[in-house]
Amino acid sequence: MTVTVLAELLQQNETALLDRWIAVQRAAGIDPNRLDDRSITDNARDLLHALVRAISEGGDDIEHPQWRPVKQLLERLSHVHSQQGFPPTETATFVLSLKEPLFRLIQKSDGNTIELLWACTRLFDQLGLFTMQAYMASREQVIREQQESMLELSTPVVQLWKGVLAVPLIGSLDSNRTQVVMEALLQKIVDTESDIAIIDITGVPTVDTMVAQHLLKTITAAKLMGAKCIISGIRPQIAATIVHLGVELGDVVTKASLADAFQLALRELNVRLVANRLGA
Amino acid sequence: MTTTETLPLKQETDIVTIRQRVRKAAEDARLGLVSQTKIVTAASEIARNGLIYGGGGQCLIERTQREGRAAVRLVIIDHGPGIANLEQAMTDGYTSGNGLGLGLSGARRLVDAFEIASQPGQGTSVEMWKWK
């Protein structure tokens, strides 16, 4: 059986293979600033050792449970590589570069060379693909995390005065984000016992019917909780667009700027700001 | 001079990309700020319809000329179930989903030329123009 022969070949030549593999990796020109000699050696030794065991006990099916240690090693390595900004090719080269020393070994052995080579190639291609997949998964996770942190970053609800909240909306408002804003605003209304919430849309480039609908829903929900909403920062071009779209803002109070809205809010709360008289 | 690009419409983030590219095309065509905002908003409405009701498709953005004036032309196509009653769909306040029912009719008012073609089972195609 081909796999058994391969396993024996690996077991008997583990040390020689390791030396040769490390040499190949160095020759492949991996940037020494990113990966020092020790980590190359450590990674190669750990993986080769796990590989020999996996082939001996699990055969050439990498879905076999015995292959789990190998996969875990590759996953960890891909993760580290993607975090440190290694290019994907360099990551895949790591496992694929074991092919050359292995092929030389097979050439010298006296089994069915073609069969052995084929089994070997198939196996390492699978491992290469697995490495790439793990690398991509790790990258995607980074992107997801960034998206989530942006979602949170972009929706601060701030208190301007006792009883007055403001939400400066920035960027495009799609379902997910608007949902987060709406929930954050309603929660903050409860927490701070506010009567007035100012939604500032100066930083929103496009107000289409979906955005308008989300705004109207938020305003209605706030109203149910006894708070009044003021929309501020409607720029002239947005105003013209809303009119043509046919969106009815109904009795929603709007102001051109956040400052105007704030003044109105203070007036509603019967707060009067008086400037200090000179010399007083 | 005419420049054309075709963008996919498969997920919600594609709508954001389409808006950005339409805005760029409108800026390049030197449309005024109000016109820019109008065509971008119309693109957003129609693209969202194509995604939600039509299950996705594609968007063609063309910066071109119309009767000697700089213009932006958009063609948004989906391969969804189509619209059985176009007249009803174009009515203010009518929606088969849960929107405001102003997307199609609103978009028509935002642009300078608006053509919609749809056959049940054949998808929907919307062509819009905004010029200087």
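Predicted model: local features only at pLDDT ≥ 70, side-chain atom pairs only at ≥ 80, totals over all residues.
**Exercise 1. Get to know chain A**

Find out how many helices and strands chain A has, and what percentage of its residues are buried.

*Solution.* Start with the secondary structure: chain A has eleven helices and five strands. Next, turn to burial. Chain A holds 280 residues, and 31% of them are buried. Finally, look at the contacts between residues at least 6 apart in sequence: in chain A, 75% of these join residues at least 24 apart.

**Exercise 2. Trace the sheet of chain A**

Work out the order of the strands in the sheet of chain A, and say which strands stand at the edges.

*Solution.* First, follow the strands across. The order is β1-β2-β3-β4-β5 in an open sheet of chain A, and the pairing is mixed. Second, look for strands with a single partner. These are β1 (158–161) and β5 (253–255) of chain A, so each has one side without a neighbour in the sheet. From one strand to the next, the twist averages 30°.

Third, zoom in on one pair. Strand β3 (residues 196–203) and strand β4 (residues 228–232) of chain A are parallel and share five bridges. Within β4(A), A:Lys228 is the residue opposite A:Ile196. Last, see what lies against the sheet: helix α11 (residues 258–268) of chain A packs on it and touches β1, β2 (164–170), β3, β4 and β5 of chain A. The direction of α11 makes about 175° with that of β3(A).

**Exercise 3. Describe a helix pair**

Decide how helices α2(A) and α6(A) are oriented to each other, and list the residues that meet.

*Solution.* Begin with the geometry. Helix α2 (residues 14–27) and helix α6 (residues 99–108) of chain A pack at an angle of about 140°, and their axes are 8 Å apart. Angles over 145 degrees would count as roughly antiparallel and 65 to 115 as roughly perpendicular, with the rest between these ranges oblique. The two helices, α2(A) and α6(A), are therefore oblique to each other. Their crossing is right-handed.

Now for the residues. From α2(A) come A:Leu17, A:Arg20, A:Trp21 and A:Val24, and from α6(A) come A:Glu100, A:Pro101, A:Leu102 and A:Leu105. Sorted by class, this contact has six nonpolar, no polar and two charged residues.

**Exercise 4. Examine B:Leu60**

Is B:Leu60 buried, exposed or partly exposed? Which residues beyond its sequence neighbours is B:Leu60 in contact with?

*Solution.* Locate the residue first: B:Leu60 is in strand β2 (residues 57–66) of chain B. Then count: 14 other C-beta atoms lie within 10 Å. A buried residue needs 20 or more, and an exposed one has 12 or fewer, so B:Leu60 is partly exposed. Setting aside neighbours within four places in sequence, B:Leu60 is in contact with B:Thr4, B:Thr6, B:Leu74 and B:Val75. The C-alpha atoms of B:Leu60 and B:Pro8 are separated by 8.8 Å, although the two residues are 52 apart along the chain.

**Exercise 5. Strands of chain B and its meeting with chain A**

Find the strands that β5(B) is joined to, then say which element gives the most to the side of chain B that touches chain A.

*Solution.* Strand β5 (residues 123–131) runs antiparallel to strand β3 (residues 69–78) of chain B, with eight bridges. B:Val75 has B:Glu127 in β5(B) as its bridge partner. Strand β4 (residues 113–119) of chain B is also antiparallel to β5(B), with seven bridges. These two, β4(B) and β5(B), form a hairpin with three residues between them.

Turning to chain A, 21 residues of chain B contact 17 residues of chain A. On the chain B side, α2(B) gives the most, with nine residues.

Note on methods
Residues numbered from 1 in each chain as written. Chains lettered and ligands numbered in written order. Axes fitted to C-alpha atoms, helices over the stretch in contact; angles between N-to-C directions. Helix = DSSP H or I, 4+ residues; strand = E, 2+ residues; numbered from the N terminus. Parallel < 35°, antiparallel > 145°, perpendicular 65-115°, else oblique. Left-handed = near helix turned anticlockwise from the far one by under 90°. Contact = placed C-beta atoms within 7 Å. Nonpolar A, V, L, I, M, F, W, Y, C, P; charged D, E, K, R; others polar. Pairing = 2+ DSSP bridges.
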